[in-house]
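Work through the exercises below with the sequence and the model open. Each task is followed by a solution in steps.

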Amino acid sequence: MNISLWDYYQRLADKIGAKALAGAPSRAEWAKIRPRLAREYFQSMGLNPLPDYRSAEFRDGGVWRGRGFQVQRIAWQILPDCWNSACIYRPDPMPAARAPAILYTSGHSGHGAYFSQRHAIMWARRGYISMGFDTFEQGDNPGDHHGLCYHRRPDWVSMGFTAAGGELWNSIRALDILEQTHGVDSAKIGVTGNSGGGAHSFFLALADERIKAAAPSCGVVRPRYLFDRQHLLTHCDCMCYHNLFQRDPIEFGWLFAPRPLLLCFAMEDLHFSLDQYRELHAGIQRFYQHLGQPEKCQLCEYHGPHGYQPESVERINQWFDEHLYGEARPRLGLGELEIPEPETCIFQGAPPPDNRMAQLPELLSPTGAVTLPAKPDDWPALRHGMCKTIRENLMHHFDTTARLELKQLGDWIKGVWNYRKYRAVFGDNEIWVETLTPPKPTDKAVIGLADTPENARDVLMRLSDDIRHTIAVIVPRFSGFNACMTQTTALLRAGAYTGMTPFMLMLEDLELAAPAVMALPELRKRQAYIYGRGDAGVAALYHVIMDENTAGAILDGIPSSHRQGAYFLNALRCLDLSHAMGLAAPRRIGLINAQPSLWTRRLYNRLGCPENLFAAASPREMLLRL
C-alpha cells in the first residue's frame with residue numbers, strides 16, 4: 001500500500017533538508033553557483049524579473065515628537081496606485097553626521113506601524129534612524145497573506161504568486177524609502193523583525209545587498225519541520241516561498257554571506273523547533289567558514305515563547321552596534337507604547353480610493369500566452385518551443401529516469417470481456433492498472449486516469465457502457481484508496497512548499513505509467529486516447545501534449561483554467577488551459593460537458609482540421625465518435 005500524501009511530502013522535505021546540510025559550496029564554486037541560486041531565489045518568490053518601479057516619492061503626514069525622538073508619518077506607492085504607510089523615527093536632536101538605519105519588518109500581531117514603535121523609539125534614542133511599516137493585512141494595507149492558508153486564493157499556486165514574494169517587494173520598496181531618508185547613512189542599513197517579520201527580514205537580506213547586517217527573529221521556516229512537526233498548520237503563506245527548485249532556506253541563506261547574520265530563536269516557541277534553527281545556523285555558517293568569516297554568522301538562543309525577549313533585544317542591539325554603528329551605544333530595552341495609534345496612521349482607515357493593493361497578486365504575476373500560427377507550416381516550431389517551455393519550467397522536477405514494470409495480478413473473463421489487473425511498485429509507492437478488452441476490439445484504445453476520489457472501477461464503469469475499444473485505467477499513487485479528501489488546503493500548501501503539488505504528482509505518475517501501459521499486449525499497436533475527468537483530464541491533456549505517440553485526449557468536465565483547478569506551480573506564467581487544449585493539435589481532442597476555448601478553435605481552423613475538435617454529452621457518446 002502506498003504511503004500517504006503527507007508522508008510523501010515529509011520525506012521529500014527531508015531530502016531537501018539533507019541536501020542542504022550535506023555541504024556548502026567552496027569559495028571557488030561560489031562564483032559559478034551564485035548567479036543561478038539568486039535567479040532561483042527570485043523565481044521562487046515570484047519576482048523574476050523584479051518590477052520596474054522604484055520611485056522614492058512619498059506623502060508626508062507630519063511629525064510627532066516624544067522624549068529623545070521624533071516620528072514622521074508617510075505613505076508611498078509600492079507599485080503605481082498601490083499605497084502603503086510607515087513611520088520613520090529619528091533621534092531628537094539629530095546627530096551632525098549621517099546615522100545608521102534599521103528597517104523593522106513587522107510581524108502579524110498587532111497593528112504594524114503602531115506596534116513597531118517600541119523598537120523604533122528604542123533605536124532612535126540609541127542614535128539610529130529606523131522605519132516601521134505595515135505589512136499585508138495591517139493598518140490601512142488591504143493586502144492578503146492568507147490566500148492559500150484560508151483557501152481564498154488557491155489560484156496563487158498556478159499564478160506563481162507567493163505572499164512571501166509580495167511581502168518581499170513591500171520590504172524592498174520600504175528600503176527604497178528608508179535609504180533616501182534625510183540623515184540616513186545608506187551604507188549602514190540593517191534589518192530585523194519577528195515571526196512573519198523575521199521571515200521578511202531574512203528574505204529581504206537575501207534579496208537586497210543594501211542590507212549590511214540582519215537579525216531575523218523567530219521567523220525562518222524550513223520545509224522539513226513544516227511536515228515533521230506539522231508546523232505548517234501554524235504558519236501563514238508569507239512565511240514560505242513556492243519551492244520551484246526544492247531549495248532549503250539554508251541554501252538561499254548563503255546569498256547573504258559574508259555580511260553579518262544573527263539568527264535569533266526562542267527555545268519555547270510553539271511555531272518552531274529548536275533543532276531546525278540549530279541546523280539552519282550550522283548549514284549557513286558552514287559557508288561562512290569557507291569564506292573565512294564564521295564569526296559573522298551566529299545563533300542567539302534564549303528562553304521564552306514566540307517573540308523577542310530582553311536577552312534577544314540586547315543581543316540584536318549589540319549586533320547592530322558592532323556591524324553598523326561601529327561602537328557601543330547606550331544600553332536600552334523596549335519601553336511602552338508611547339505614541340497614540342492615530343498619530344502612527346496617515347490615512348486614518350481610508351486609503352486613497354484608487355488604491356490597488358488588493359490586486360497585488362495580479363500585478364506581480366504576468367500571465368503567459370501562446371502565439372497562433374499564421375499558417376500551418378509555422379505550427380510545428382511553435383508547438384515544439386512551447387513543449388520545451390513546459391518541460392523546462394513546469395515539469396523540471398519530474399522523474400524521467402524511472403521505468404515502471406507492470407506485474408500482472410490476474411487474468412479473468414468478465415462477461416464477454418477479458419479483464420486484467422496489474423500493479424507497479426516503485427520505492428514506497430504503487431500504481432494500479434486495470435484493463436478490459438472486448439472480444440473483437442477496434443484498433444483504438446482508451447487509457448483512463450483516475451481522478452483523486454476515484455478507483456479504477458469507477459472509471460471502468462464510466463467507459464465500458466458500450467465497449468468497442470480496449471480500455472485501461474491507471475490509478476496514480478494518491479488517488480482512490482490512498483486519497484485524502486479532507487485536508488486538501490494543507491496538502492496544496494505542502495505541495496507548493498516542496499515544489500510538487502498534488503496535480504503535478506498525478507501528471508508525473510501518468511508520465512511514468514503511460515509507456516508501460518501502452519506496451520501491454522492488449523494495447524500494443526493501438527491508437528491510444530488518454531481520458532480523464534476533472535484534474536485527471538487536465539493531466540491527460542498535458543500528457544498528450546508531451547507525447548506525440550498518443551492519438552488524442554478525451555477531457556471530461558475539466559476546469560476552464562488553472563485558476564479553478566489542476567493547480568500547477570507557475571503554469572499561468574507560461575500558458576493557461578485555453579492554450580494547453582490546443583497544443584495537442586492537429587490530433588483529436590474530445591470534450592465532455594465542456595467547450596473548447598476560442599483560442600483552440602482558432603488554432604484548429606488555421607490548421608485546417610476543425611473536425612478534430614469535437615464535443616459530446618457523455619463518455620458513451622464520445623467513444624462512439626472515436
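**Exercise 1.** How many bridges join β1 to strand β2, and do the two run parallel or antiparallel?

Solution. The model is predicted: local features need pLDDT of at least 70 and side-chain atom pairs pLDDT 80 or more, while totals for chains, interfaces and linings use all residues. Residues are numbered from 1 along each chain as its sequence is written, and side-chain values use heavy atoms, without hydrogens and water.
- Strands are DSSP runs of E with at least two residues, helices runs of H or I with at least four, numbered from the N terminus.
- Two strands pair if DSSP finds at least two bridges between them.
- β1 and β2 (residues 69–79) are joined by 6 bridges and run antiparallel.
- W64 stands opposite V71 in β2.

**Exercise 2.** Find the order of the strands in the open sheet of 9 strands.

Solution. 
- The order is β1-β2-β3-β5-β4-β6-β7-β8-β9, and the pairing is mixed.
- β1 (59–66) and β9 (297–302) are at the edges with a single partner strand each, so one side of each has no neighbour in the sheet.

**Exercise 3.** How many residues of α16 are buried?

Solution. 
- Buried means under 20% relative accessible area, with a 1.4 Å probe and protein chains only.
- In α16, 15 of the 17 residues are buried, so the helix is largely enclosed by the rest of the structure.

Conventions:
Buried means under 20% relative accessible area, exposed over 50%, partly exposed in between (1.4 Å probe, protein chains only).
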